[in-house]
Every structure is written in C-alpha cells, then in structure tokens.
Amino acid sequence: MIKYIIFDLDGTLYESPEVYQKFAEAAYHTYAQVKQVPEETARRRLEERREELKRQKGFAVPYTLALISYGIDIETWHRMNAEFFNPADFLKPDEALRSSLLELKKKLRLAVLTNNNDVQTRRILEAIGLTGIFDHVFTFNSFHLLKPDPAILKNVLAVMKARPEECLMVGDRYEVDLIPARNLGMQTSEVKGPAGVVEIGRRFESSLYPDIKNQ
Ligand SMILES: [Mg+2]
C-alpha cells in the first residue's frame, strides 16, 4: 500500500538545460577560485575526473563528487554555487505539475529527496511553484549524505515514520535514485522530467496503483 511518494528534484520535478549548465559553470568557478587556476583549467580537470569516476562507478556522477575528489569540501561548493547563480532566473511555475501534486497530496504524503543544498532547493521549489506542497524536503543538508548512499533512505524512512513497502521513489537517475530504493523494498518509478510525474498522478487517479484504494 503506497502512502508516501519521494521525489528527486533535479531532472525530475523540473528540466532546464540552462540550470544544469549553470551548475557546471558554478563547479568550474568553485574549483578555479579554490585552486587559483583559470576556469578553463578547472573545467578540463573536473570533466576529466567525472569521466574517470563514471567509468569506475558505472553512472554519471555529479560535480559534487568530482570536487570532493580534489579535496574541495561540500560546504564550500554549496556556498559558492548558491552565490554564483540563482536557478529561479531560469525557471517558471509549472501549473500542470502543481495541480497534479496537489491531487496526490490529498491521499498521500509527499517528500523531496535531493543531493542539492538547502538554498538552491528552496529557490528551485519556489520558482517552479511548489513551495508548501511537500510534507518533507530532504536535501544534502538534512543528513550530510549523498544519494546513492542507502543510509539516506533509512534516515528518510525514520523521519517520515514510514516502511519501505509504503513508499514510491520517483527519479530520473536509475542508479542514483532508484536502485537504492528498490534494494530497500520501495517501489520505484523512473521519469524523465515533470511530464512523467504528472503521468504518475494520472495513474494514481485511475487506480493503476490499485493499492491506493485500500487506504
Ligand atoms: Mg535527478
């Protein structure tokens, strides 16, 4: 019986090539500032490291892990990327998504679980019109852990007082968002952006997730 839906944020509740590009530029800027090198050098080193890490892990890794691998701490990165740009400059309210989530909220508890930081997450949720929708918003700052570390989901379950089988995890990255959830016994749904989330709302409405009727 699904009682909770946990959504990834970036690439799931919004899609924006401009915002993804700005996160990349923010990472180059952070590396360049901390290491005192030109931004082009920073870009090359970070992209090379991301390629290496991708080969090792089997999935595309965020800039966060590339920066950490160079000894740049995550608090510095988060502070500098929040100073570097505001995602709200590139986003607008998503009315279809908002109304779909409001319908789901009548029956289910909704949460966000993102590797992003508190400041950028708050800006993004406000810009896409989703402030106040979620019962819980878990960011990197909540547990100081990054997906796909399975310890995050255990913390999330403890805070929500939920059991894994009551949860549906929705995200755009299979290895990062969905495999750890599935391993814990959650249901999962892979989406590529907010249209996929709206489709999940439709499936609940039309009882294609039939257990929702049993609540
Ligand atoms: Mg994502």
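The model is predicted. The chain is divided into domain 1 (4-15 + 91-214) and domain 2 (17-88). An open sheet of five parallel-paired strands has the order β3-β2-β1-β4-β5, and the largest nonpolar core comprises 51 residues.

**The sheet**

- The strand order is β3-β2-β1-β4-β5; β3 (136-138) and β5 (187-190) stand at the edges with a single partner strand each, so one side of each is left without a neighbour in the sheet.
- On average, neighbouring strands of this sheet are turned by 20 degrees against each other, direction ignored.
- Strand β1 pairs with β2 in the parallel sense over four bridges, and Ala111 in β2 is the bridge partner of Ile6.
- Four bridges also join β1 to the parallel strand β4 (residues 167-171), where Leu168 is the bridge partner of Ile5.
- Strand β2 (residues 109-113) is joined to β3 by three bridges, again in parallel, and Leu113 stands opposite Phe138 in β3.
- Helix α8 (residues 150-160) packs on the sheet and touches β1 (4-7), β2 and β3. The direction of α8 makes about 150 degrees with that of β2.

**Burial and the nonpolar core**

- In a regular strand, side chains alternate between the two faces of the sheet.
- Both faces of β1 are covered, with Tyr4 and Ile6 buried on one side and Ile5 and Phe7 buried on the other.
- Within the largest nonpolar core, the residues with the most contacts are Ile6, Ala111 and Val170.
- Helix α1 (residues 17-35) provides the largest share of this core, with six residues.
- The core draws at least three residues from each of domain 1 and domain 2.
- Leaving aside neighbours within four places in sequence, Ile6 is in contact with Ala111, Leu113, Val156, Cys167, Met169 and Val170.

**Packing of α5 and α10**

- Helix α5 (residues 95-105) packs against helix α10 (residues 194-205) at an angle of about 35 degrees, and their axes are 9 Å apart.
- The crossing of α5 past α10 is left-handed.
- On the α5 side, the residues that meet α10 are Ala96, Leu97, Ser100, Glu103 and Leu104. Their counterparts in α10 are Pro194, Val197, Val198, Gly201, Phe204 and Glu205.

**Contact between the domains**

- The centres of domain 1 and domain 2, taken over C-alpha atoms, are separated by 25 Å.
- Contact between the domains involves 13 residues of domain 1 and twelve residues of domain 2.
- On the side of domain 1 that touches domain 2, α6 (118-127) and α9 (174-184) each supply at least two residues. Helix α6 gives the most to that side, with six residues.

**Backbone features in loops**

- Most residues other than glycine have a negative phi, and most peptide bonds are trans.
- A cis peptide bond with omega of about 10 degrees joins Lys147 and Pro148; Pro148 lies in the loop between α7 (140-143) and α8.
- Gln36, although not a glycine, has a positive phi of about 55 degrees. Gln36 is placed in the loop between α1 and α2 (39-57), and it counts as exposed because it has 7 C-beta neighbours inside 10 Å.
- Lys161 likewise has a positive phi of about 55 degrees without being a glycine. Lys161 is found in the loop between α8 and β4, and with 9 C-beta neighbours inside 10 Å it counts as exposed.

Key:
Residues are numbered from 1 along each chain as its sequence is written. This is a predicted model: local features need pLDDT of at least 70, side-chain atom pairs count only at pLDDT 80 or more; totals for chains, interfaces and linings use all residues. Two strands pair if DSSP finds at least two bridges between them. Axes are lines fitted to C-alpha atoms, for helices over the stretch in contact, and angles run from 0 to 180 degrees between N-to-C directions. Two residues are in contact if their C-beta atoms, placed from the backbone, lie within 7 Å. A nonpolar core is a set of buried Ala, Val, Leu, Ile, Met, Phe, Trp, Tyr and Cys residues joined through C-beta atoms within 7 Å. A residue is buried if 20 or more other C-beta atoms lie within 10 Å of its own, exposed if 12 or fewer, and partly exposed in between; C-beta atoms are placed from the backbone. Domain bounds come from an automatic or database domain assignment. A crossing is left-handed if the near helix is turned anticlockwise from the far one by less than a right angle, and right-handed if clockwise.
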